[in-house]
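Colleague: I would like to learn how to read a helical model feature by feature. Could we take the features in turn, with the general idea before each case?

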Amino acid sequence: MLEFSLFNFAQFADQGMSVWATLLLTSLSAKTRMYGFIIFILVNIPGTYLLVVTELWWILAMVPVWLFLNFKGLLNNYRENQRLSKI
């Protein structure tokens, strides 16, 4: 039986947005990949909630590394998009 709760909503939001962001990250367009990185940053919100509720605190230690890699990828895609738009 499907129970509607904040925890279940966070699971659905986390997995649904992760799939969507993965599809965007496979694009050849730098602009589309940038949207994928933005969605992955937003996925961090329900994902962190799930880690706190399920008491998987040790995974939270990796969140800063994950955010650093996402911001670095976002910045690189922004620079590539700006470089390609000038051509």
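Colleague: How many salt bridges does a search of the whole structure find?

Modeller: Before the count, a word on what we are reading. This is a predicted model, where local features need pLDDT of at least 70 and side-chain atom pairs count only at pLDDT 80 or more, while totals for chains, interfaces and linings use all residues. Residues are numbered from 1 along each chain as its sequence is written, and side-chain values use heavy atoms, with hydrogens and water left out. Now the general idea: a salt bridge is a side-chain nitrogen of Lys or Arg within 4 Å of a carboxyl oxygen of Asp or Glu. Searching the whole structure gives 1 salt bridge.

Colleague: Which side chains meet in the salt bridge?

Modeller: Those of Glu-80 and Arg-33, with an N to O distance of 2.9 Å. Glu-80 belongs to helix α4 (residues 63-85) and Arg-33 to helix α2, so the pair ties together parts that are 47 residues apart in sequence. For the helix labels, helices (H or I, at least four residues) and strands (E, at least two) are DSSP runs, numbered from the N terminus.

Colleague: Is Arg-33 buried or exposed?

Modeller: The general idea is a set of cut-offs: buried means under 20% relative accessible area, exposed over 50%, and partly exposed in between (1.4 Å probe, protein chains only). Arg-33 has 15% relative accessibility and therefore counts as buried.

Colleague: How many helices and strands are in the protein chain?

Modeller: There are 4 helices and 0 strands, and from the N terminus the elements run α-α-α-α.

Colleague: Which residues make up the largest nonpolar core?

Modeller: In general, a nonpolar core is a set of buried Ala, Val, Leu, Ile, Met, Phe, Trp, Tyr and Cys residues joined through side-chain atoms within 4.5 Å. Here the largest one has 5 residues: Ala-21, Leu-24, Ile-39, Phe-40 and Val-43. Helices α1 (6-25) and α2 (30-53) each supply at least two residues of this core, and α2 gives the largest share, with 3 residues.

Colleague: What does Ala-10 contact, aside from its neighbours within four places in sequence?

Modeller: Ala-10 is in contact with Pro-46, Tyr-49 and Leu-50. This residue is in helix α1 and, at 5% relative accessibility, counts as buried. As a check on distance, Ala-10 and Arg-33 are 23 residues apart in sequence and 24 Å apart in space, C-alpha to C-alpha.

Colleague: Where is Leu-51 placed?

Modeller: Leu-51 sits in helix α2 and is buried, with 14% relative accessibility. Setting aside residues up to four places away in sequence, Leu-51 touches Leu-56, Ile-59 and Leu-60.

Colleague: Which residues form a nonpolar patch on the surface?

Modeller: Patches are made of residues with over 30% relative accessible area and no salt bridge; like charges are joined within 9 Å, and nonpolar side chains (Val, Leu, Ile, Met, Phe, Trp, Tyr) within 5 Å. In this model Tyr-35, Ile-38, Leu-42 and Ile-45 form such a patch, with about 400 Å² of accessible area together. Tyr-35, found in helix α2, is partly exposed at 47%.

Colleague: Is Phe-68 buried or exposed?

Modeller: Phe-68 is exposed, with a relative accessible area of 54%, and lies in helix α4.

Colleague: Finally, what radius of gyration does the protein chain have?

Modeller: The radius is taken over C-alpha atoms, and the globule rule is 2.2 Å times the number of residues to the power 0.38. The protein chain has 15 Å, whereas a compact globule of 87 residues would be near 12 Å. Along the principal axes, its C-alpha atoms fill a box of roughly 55 × 30 × 15 Å. Buried residues make up 32% of the 87 residues.

Conventions
Areas by Shrake-Rupley, 256 points an atom, 1.4 Å probe, with all protein chains shown as cover. Contact = heavy atoms within 4.5 Å.
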